Amino acid sequence: MRKVSEKTRRAYVAAIIWKEKRITEVAKELGVTRGTVYNWLKEYKREDKETGEIEIRSPREIELEKQVKELKEEVEFLKKARAYFTRDHRKDML
């Protein structure tokens with residue numbers, strides 16, 4: 001399977017979204033599977049549920065969203081850890 005640059009993937013996703021190309025056509029042109037093209041669509045395409053507007057996300061935006069998710073998970077874990085250790089500490093003082 002051929003490696004396709006980030007810029008090329010985003011351009012083809014845009015072409016699919018705006019109905020300029022079909023998924024099977026893109027897969028053939030680039031020498032990748034249709035599943036790969038579907039994965040690119042899931043990765044880059046964002047649709048606003050309220051307005052129906054479609055936006056193509058940048059690689060930087062995707063990376064930042066992943067970081068935000070990881071940080072939120074860390075914060076939740078730390079809150080639970082703090083509550084656990086604070087509770088144990090109070091018992092020891094009694």
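Reader: Which residues are linked with K21 in a network of salt bridges?
Author: In this predicted model, the side chain of K21 meets that of E25 in a salt bridge. The side chain of K21 also meets that of E29 in a salt bridge. K21 therefore takes part in both pairs, given that a salt bridge requires a side-chain nitrogen of Lys or Arg within 4 Å of a carboxyl oxygen of Asp or Glu. The residues linked with K21 in the network are E25 and E29.

Reader: What are the N to O distances of the salt bridges that K21 forms with E25 and with E29?
Author: Side chains of opposite charge can pair when their charged atoms come close. For the side chains of E25 and K21, the N to O distance is 3.7 Å. For the side chains of K21 and E29, the N to O distance is 3.0 Å.

Reader: What is the relative accessibility of K21, of E25 and of E29?
Author: Partly exposed residues lie between the buried limit of 20% and the exposed limit of 50%. K21 is partly exposed, with a relative accessible area of 25%. E25 counts as partly exposed as well, at 32%. E29 also counts as partly exposed, and its relative accessibility is 38%.

Reader: How many salt bridges does the structure hold?
Author: The network of K21, E25 and E29 is built from salt bridges. Another salt bridge joins R9 with E6, where the closest N and O atoms are 3.1 Å apart. For the structure, the number of salt bridges is 4.

Reader: Which helix holds both R9 and E6?
Author: R9 and E6 form a salt bridge. The two residues are 3 residues apart, about one turn of the helix. Both lie in residues 6–17, which form helix α1.

Reader: Is R9 buried or exposed?
Author: The salt-bridge partner of R9 is E6, and E6 counts as partly exposed at 28% relative accessibility. R9 has a relative accessible area of 18%. Because the buried class covers values under 20%, R9 is buried.

Reader: How far apart in space are E6 and W40, C-alpha to C-alpha?
Author: The place of E6 is in helix α1. E6 and W40 are 34 residues apart in sequence. Their C-alpha to C-alpha distance in space is 9.8 Å.

Reader: Which residues does I62 contact, leaving aside its neighbours within four places in sequence?
Author: I62 is placed in helix α4 and is buried, with a relative accessible area of 9%. I62 and Y44 are 18 residues apart in sequence, yet 8.0 Å apart in space, C-alpha to C-alpha. With those neighbours set aside, I62 is in contact with E43, Y44 and R57.

Reader: Which residues gather with E74 in a patch of negative charge on the surface?
Author: E74 has its place in helix α4, which spans residues 59–93. E74 counts as partly exposed, at 46% relative accessibility. This value meets the patch condition on area, because patches are made of residues with over 30% relative accessible area. The residues gathering with E74 in the patch are E63, E70 and E73.

Reader: What is the phi of K19?
Author: Most residues other than glycine have a negative phi. K19 is placed in the loop between α1 and α2 and counts as exposed, at 74% relative accessibility. Although K19 is not a glycine, its phi is positive, at about 65 degrees.

Terms used: Residues numbered from 1 in each chain as written. Predicted model: local features only at pLDDT ≥ 70, side-chain atom pairs only at ≥ 80, totals over all residues. Heavy atoms only, no water. Helix = DSSP H or I, 4+ residues; strand = E, 2+ residues; numbered from the N terminus. Buried < 20%, exposed > 50% of the residue type's maximum accessible area, 1.4 Å probe, protein only. Patch = residues over 30% accessible without salt bridge, like charges linked within 9 Å, V, L, I, M, F, W, Y side chains within 5 Å. Areas by Shrake-Rupley, 256 points an atom, 1.4 Å probe, with all protein chains shown as cover. Lys, Arg positive; Asp, Glu negative; His and termini not counted. Charge placed at Lys NZ, Arg CZ, Asp CG, Glu CD. Contact = heavy atoms within 4.5 Å.
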